[in-house]
Amino acid sequence: MTAREYHDRTAHSPASVRTSGHTLEWDIKPFPFKVYTDLAALALPRELDPLGTDTLAALADPTPTVSSLGLSQLATGLYYAAGVTKKKTYQGGGEILFRAAASTGALYQTEVYVVVGEVAGLEPGVYHFGPGDFALRRLRGGDVRAALAESATDDSIRRRSATVVLTAIYWRNTWKYQARGYRHLFWDSGTLLAHLLAVGGALGLGPRLYTGFVDADLNRLLGVDAEQEAALELVTLGPEGTRAPPVATVDDSRHPYMPLSSSQVDYPLLREIHVASMLETPDDVRAWRAGGSGTRVSEGAPHALVTLPAARAASGRGLGETIQRRGSTRQFGHVPLSAVELATALWAATRSLDADVPAGLVDLYLIVNAVDGVEPGAYGYRASEHALEPLKAGSYRNESSYLCLEQPLGGDAAAVIYFLAPLDRILPAFGNRVYRLANLEAGIAGGRAYLAAYAQGFGASGLTFYDGHVVEFFSPHAAGKDAIFVVALGRAAGSGRVTMGTTPTLSRRPSG
């Protein structure tokens, strides 16, 4: 199985890290924005809904679906999912523009496109979202929702107002993370989706996630070259309206864009796993989706459980403010979290979502270092019981730091969530594409944990890890599983804050 081979060949170990010889070539670091050189910019409205809906309430229950989708609502969704929200300036004048959702290494390989059918103030067509100038550029005119619906084998897409499509430009991530970057494509698009799904729900846009589609057809619709960039997921937004007319053909039309760097390094292993996980026909999509609706991961029989307090119903911080404040904590202090703060983050991470295939591919394990009311030790999280299953007691700060690629963040955090999946069980059942889904599910869960953390006033950071050592640490409970992703939670040490850059104006939500 290609995914099994890919996962093993890109696993981190102390030996692989110390002998890799990989260095960062700063003179060819990819430019973080995709800039089309032949398309006019359509500026998006900069007076946006401040999203005062409480963050935890937004994660719990979406607002009833609105009757129409307008350009301002679309702009709000794009800004809080993928817009530039902060900047950090360094000595000498250099700066990094940080975006709403977390991205490994702040490399931002996830690109955002919108297939528009019925959006007030915007002509039908396929658009690219440019976060740098907060504008859309039309790549293709006309209503092509029927072609999109055929690719995803779901006729309801023909009636939805718009569909956001996420892609990834491989080189932006492989520049630093090499072939292992394929995992990052789904972690990062997952954190972005955590924002988009929450914001879309708060705006009453009824977001629905699709992970199954005919890859070649969707890439052609967007005009992207799958050797360099490819579609990962799509999300429908807005109410159902008039059914889009059939589309005769979709030509392979591509627009030039500014080179990301003067040269780049190819990583065939990444392209191989992506091709192996593609679906070639609508029948393949239907078959994969039907297979993915069967029995999911079983949690097994638990030992004695540690009951967690109920998750908070409200944080007192609106979703818009939470996203504006969100960052990746660079240094944790040893100040403990409360049990309810941890419980709320775990609850948020494991909320169900509206998608074409059910979740349940990843299990959550924890190392608890400093949580009031929870003894330090290793645990499994039982989402169905909202409880912790003790695996071994004791202080494991040093071990957690080591597991997280010997990074202090893993030991200083109050609690660290390790996402694991039984790849040997799910790959034969669901095929190579389920590898995308396992990493994506962990990314969405991690993104929701981020939102819950910042809503409650503490921090989070995504980390990489020594694959085999993580499984070994949590075994025998985790035997037969594979490490997928890690998110650390805790209170920041010192300020270390990035400064706000020039951002769209947040207007008051209209009354009524």
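Reader: How many of the six residues of strand β15 (residues 377-382) are buried?

Author: This is a predicted model. In it, Gly-377, Tyr-379 and Tyr-381 point one way from β15 and are buried. Ala-378, Gly-380 and Arg-382 point the other way and are buried as well. Strand β15 is therefore mostly covered, since buried means under 20% relative accessible area, and the count of buried residues in β15 is six of six.

Reader: Which residue of β15 stands opposite Val-368?

Author: Val-368 belongs to strand β13, which covers residues 363-368. Strands β13 and β15 run antiparallel and are joined by five bridges. The residue of β15 opposite Val-368 is Gly-377.

Reader: Which residue takes a positive phi in the hairpin of β15 and β16?

Author: Strand β16 (residues 387-393) pairs with β15 in the antiparallel sense over six bridges. Within that pairing, Gly-380 stands opposite Glu-389. The hairpin has four residues between the strands, and the one with a positive phi, near 50°, is His-386.

Reader: How many of the 11 residues of helix α12 (residues 339-349) are buried?

Author: The buried residues of α12 include Ala-339, Glu-341, Leu-342, Trp-347 and Ala-349. The helix is largely enclosed by the rest of the structure, because the number of its residues that are buried is 10.

Reader: How far apart in space are Ala-355 and Arg-208, C-alpha to C-alpha?

Author: Ala-355 is in the loop between α12 and β13. Its relative accessible area is 16%, so Ala-355 is buried. Ala-355 and Arg-208 are 147 residues apart in sequence, but the C-alpha to C-alpha distance is 5.5 Å.

Reader: Which residue of β7 is the bridge partner of Leu-42?

Author: A second open sheet of seven strands has the order β1-β7-β6-β5-β8-β10-β9, with antiparallel pairing. Its edge strands are β1 and β9 (208-210), each pairing on one side only. Strand β1 pairs with strand β7 (residues 135-141) over two bridges. In β7, the bridge partner of Leu-42 is Leu-136.

Reader: Is Arg-137 buried or exposed?

Author: The side chains of Arg-137 and Asp-133 meet in a salt bridge of 2.7 Å, N to O. Asp-133 is partly exposed, with a relative accessible area of 33%. Arg-137 has 12% relative accessibility, so Arg-137 counts as buried.

Reader: How many residues apart in sequence are the parts that Asp-467 and Arg-180 tie together?

Author: Asp-467 forms a salt bridge with Arg-180, with the closest N and O atoms 3.0 Å apart. Asp-467 lies in helix α17 (residues 467-474) and Arg-180 in the loop between α6 (170-177) and α7 (181-202), so the parts they tie together are separated in sequence. Asp-467 is buried at 5% relative accessibility, and Arg-180 is buried at 4%. The separation in sequence is 287 residues.

Reader: Which helix holds both Asp-217 and Arg-220?

Author: Asp-217 and Arg-220 form a salt bridge, with the closest N and O atoms 2.8 Å apart. Asp-217 is partly exposed at 28% relative accessibility, and Arg-220 is partly exposed, with a relative accessible area of 28%. They are three residues apart, about one turn, in helix α8 (residues 215-222).

Reader: How many salt bridges does a search of the whole structure find?

Author: Side chains of opposite charge can pair when their charged atoms come close. Asp-155, Arg-158, Arg-159, Glu-240 and Arg-243 are linked in a network of such bridges. For the whole structure, the number of salt bridges found is 31.

Reader: Where is Lys-29 found?

Author: Lys-29 gathers with Lys-88, Lys-176 and Arg-330 in a patch of positive charge on the surface. Lys-29 counts as partly exposed, at 34% relative accessibility. Its place is the loop between α2 (14-19) and β1 (42-43).

Technical notes:
Residues numbered from 1 in each chain as written. Predicted model: local features only at pLDDT ≥ 70, side-chain atom pairs only at ≥ 80, totals over all residues. Heavy atoms only, no water. Patch = residues over 30% accessible without salt bridge, like charges linked within 9 Å, V, L, I, M, F, W, Y side chains within 5 Å. Areas by Shrake-Rupley, 256 points an atom, 1.4 Å probe, with all protein chains shown as cover. Salt bridge = Lys/Arg side-chain N within 4 Å of Asp/Glu carboxyl O. Lys, Arg positive; Asp, Glu negative; His and termini not counted. Charge placed at Lys NZ, Arg CZ, Asp CG, Glu CD. Buried < 20%, exposed > 50% of the residue type's maximum accessible area, 1.4 Å probe, protein only. Pairing = 2+ DSSP bridges.
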